[in-house]
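Hi everyone, thanks for making the time this morning. Let me put the structure up on the screen, and then I'll talk you through the parts I looked at.

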Amino acid sequence: METADSLATTTADFSELPASLRSLAGRGMARSYRRGTVLIEEGSQGDAIYLVLSGCLRVYGCDARGREVTYGIYGPGEYVGEMSLDGGPRSASVITEQASRCVILTRASLLAHISEHPEFAFELLTKVIRRARAATLSTKQLALNDVYGRLKALLESATVSTDEVQLTHQAMAQRLGCSREMVSKLVKDLEQGGYLMRVANGRYRRLKALPARW
């Protein structure tokens with residue numbers, strides 16, 4: 001599902017893509033999208049995948065009350081929508097987190113590419129397996145950790161290289177499957193405890209190791 005926010009077809013430069021994806025990208029149609037464009041709606045039918053050239057896409061799901069949980073954020077060189085290649089309904093929604101350019105590839109074009117480049121089938125399978133493992137880990141964390149435990153894991157993974165995290169409270173809540181109010185309370189407590197410091201709107205610096213429990 002593409003909304004009216006999609007822009008005109010663009011002439012794309014695939015030089016920034018990994019070599020294994022350049023010939024695949026040439027089989028599709030490049031389009032530009034505004035921030036906030038829903039590319040895929042959970043439960044809908046469709047067999048197209050989206051290969052990201054620039055910008056980033058967020059994959060998410062909603063419950064009956066409209067609460068969202070984020071499954072992943074994908075940038076240039078990544079692709080989304082591969083789970084529908086079995087002919088089933090879409091398992092998640094996809095939205096542009098910022099202005100983005102993507103190549104739209106149909107199932108037929110993907111199969112044609114695999115017939116000429118059989119090794120790509122293993123790359124695609126590896127991608128599906130990795131995402132399935134990530135989903136399993138997320139489910140395990142949701143089941144076994146309380147909200148603070150999940151927040152701790154998120155902050156530690158996000159600050160592994162720079163000691164800074166750049167996520168709004170709403171984005172954290174979507175990743176953790178909880179309310180924004182709960183995240184705001186925990187983050188404020190961690191700030192007051194000297195564990196986090198706000199350095200800009202939506203950006204925090206981890207000052208010291210977070211406690212195992214809160």
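I'll go through the strands, then a pair of helices, and end with the cysteines.

One thing to keep in mind throughout: this is a predicted model.

Let's start with the open sheet. Four strands make it up, and if you read across it the order is β3-β8-β5-β6, with antiparallel pairing. Which strands sit at the edges? Those are β3, residues 38-40, and β6, residues 68-74, each of which pairs on one side only. Going from one strand to the next, the twist averages 30°.

Now zoom in on β5, residues 57-62, and β8, residues 93-96. Four bridges hold this antiparallel pair together. If you want a landmark there, find V59: across from it in β8 stands V94.

Next, please look at β2, which covers residues 29-33. Is this strand enclosed or open? Of its five residues, four are buried, so the rest of the structure largely encloses β2. Its antiparallel partner is β9, residues 100-105, and five bridges join the two. Here the landmark is S32, which has R101 of β9 opposite it. And a friendly reminder for anyone colouring side chains: in a regular strand they alternate between the two faces of the sheet.

On to the helices. α4 runs from residue 147 to 158, twelve residues in total. From first C-alpha to last, α4 reaches 16 Å, close to the 16 Å expected at 1.5 Å a residue.

How does α4 meet α6, residues 180-192? The two helices pack at an angle of about 65°, and their axes are 11 Å apart. That angle makes α4 roughly perpendicular to α6. As for handedness, α4 passes α6 in a right-handed crossing.

How many disulfides does a search of the whole structure find? Take C56 as an example: the nearest cysteine sulfur belongs to C102 and is 9.9 Å away, while a disulfide would need the two sulfurs within 2.5 Å. C56 counts as buried because its relative accessibility is 13%. C62, at 40% relative accessibility, counts as partly exposed.

Notes. Residues numbered from 1 in each chain as written. Predicted model: local features only at pLDDT ≥ 70, side-chain atom pairs only at ≥ 80, totals over all residues. Heavy atoms only, no water. Expected span 1.5 Å × (residues − 1). Buried < 20%, exposed > 50% of the residue type's maximum accessible area, 1.4 Å probe, protein only. Pairing = 2+ DSSP bridges. Axes fitted to C-alpha atoms, helices over the stretch in contact; angles between N-to-C directions. Parallel < 35°, antiparallel > 145°, perpendicular 65-115°, else oblique. Left-handed = near helix turned anticlockwise from the far one by under 90°.
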